[in-house]
Amino acid sequence: MARSPARAWQRMLSGRRLDLLDPTPVDIEIEDIAHGLAFVARWNGQTRGNHAYSVAEHSLLVETLFGRIAPKAPAKWRLAALLHDAPEYVIGDMISPVKAAVGPDYGALDDRLAAAVHIRFGLPAAIPVQIKKQIKKADKISAWMEATQIAGFSQSEASKFFGKPDAKAMDALQIVLRPPVETRRAFTERHAMLLEEMG
């Protein structure tokens, strides 16, 4: 008797059933992404404060930093920055050493989900290399800020792992810790604003 394939989909609060191994853009809703990311903790929850520092909050910071690094970038690339960790709404956030230990399968899963998210919101499946580099730079600055402000790293230790940050890009920015419902709303509102700018 043939075995039925293992279930690879997850039911979202929107009612969508997202196939994690073969995701389609039609099964992706921003409300599901915002909700999931607002409840996924960065740094495995090992941060100071009364609220976990969520991937949604991190994504908002990365989009702000990207805007400072590439001030003339059109709204679509700012949206790409906001959505750079969107797959984590279903696969969670793993610290880099764990991702490396899991191996290439994690990266492939992340890439498939990211492509579906991008297409759903009017972006190319693959983001241009130059834009990806700028988003990655913003991501590393964000990681440095998080490490030093809420995760207990010294500045020298953070610089060793994430590189010396661009002081101008992070000028006057502070890590924000909010309840998930507030971060979810902020993420959804920023997404809507960027879509509107894209026309």
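**Helix packing and salt bridges**

Guide: Helix α7 passes α8 in a right-handed crossing (left-handed if the near helix is turned anticlockwise from the far one by less than a right angle, right-handed if clockwise). Helices here are DSSP runs of H or I with at least four residues, strands are E runs of at least two, and both are numbered from the N terminus.

Visitor: Which residues make the contact?

Guide: From α7, Lys140, Ala143, Trp144, Ala147 and Thr148; from α8, Gln155, Ala158, Ser159 and Phe162. Contact means heavy atoms within 4.5 Å.

Visitor: What are the ground rules for the model?

Guide: It is a predicted model, where local features need pLDDT of at least 70, side-chain atom pairs count only at pLDDT 80 or more, and totals for chains, interfaces and linings use all residues. Residues are numbered from 1 along each chain as its sequence is written, and side-chain values use heavy atoms, with hydrogens and water left out.

Visitor: At what angle do the axes of α7 and α8 cross?

Guide: Roughly 150°, and the axes come within 9 Å. Axes are lines fitted to C-alpha atoms, for helices over the stretch in contact, with angles from 0 to 180 degrees between N-to-C directions. The pair α7 and α8 is therefore roughly antiparallel (over 145 degrees; under 35 is roughly parallel, 65 to 115 roughly perpendicular, the rest oblique).

Visitor: Switching to charges. How many salt bridges does a search of the whole structure find?

Guide: Eight. A salt bridge is a side-chain nitrogen of Lys or Arg within 4 Å of a carboxyl oxygen of Asp or Glu.

Visitor: Which residue does Glu29 pair with?

Guide: Arg16, with the closest N and O atoms 2.9 Å apart. Glu29 sits in the loop between β2 and α1, and Arg16 in the loop between β1 and β2, 13 residues apart.

Visitor: Is Glu29 buried or exposed?

Guide: Glu29 is buried, at 15% relative accessible area. Arg16 is partly exposed, at 32%. Buried means under 20%, exposed over 50%, partly exposed in between (1.4 Å probe, protein chains only).

Visitor: Last topic, backbone. What is phi of Trp43?

Guide: Near 60°, a positive value in a residue other than glycine. Most residues other than glycine have a negative phi. Trp43 lies in the loop between α1 and α2, and counts as buried at 15% relative accessibility.
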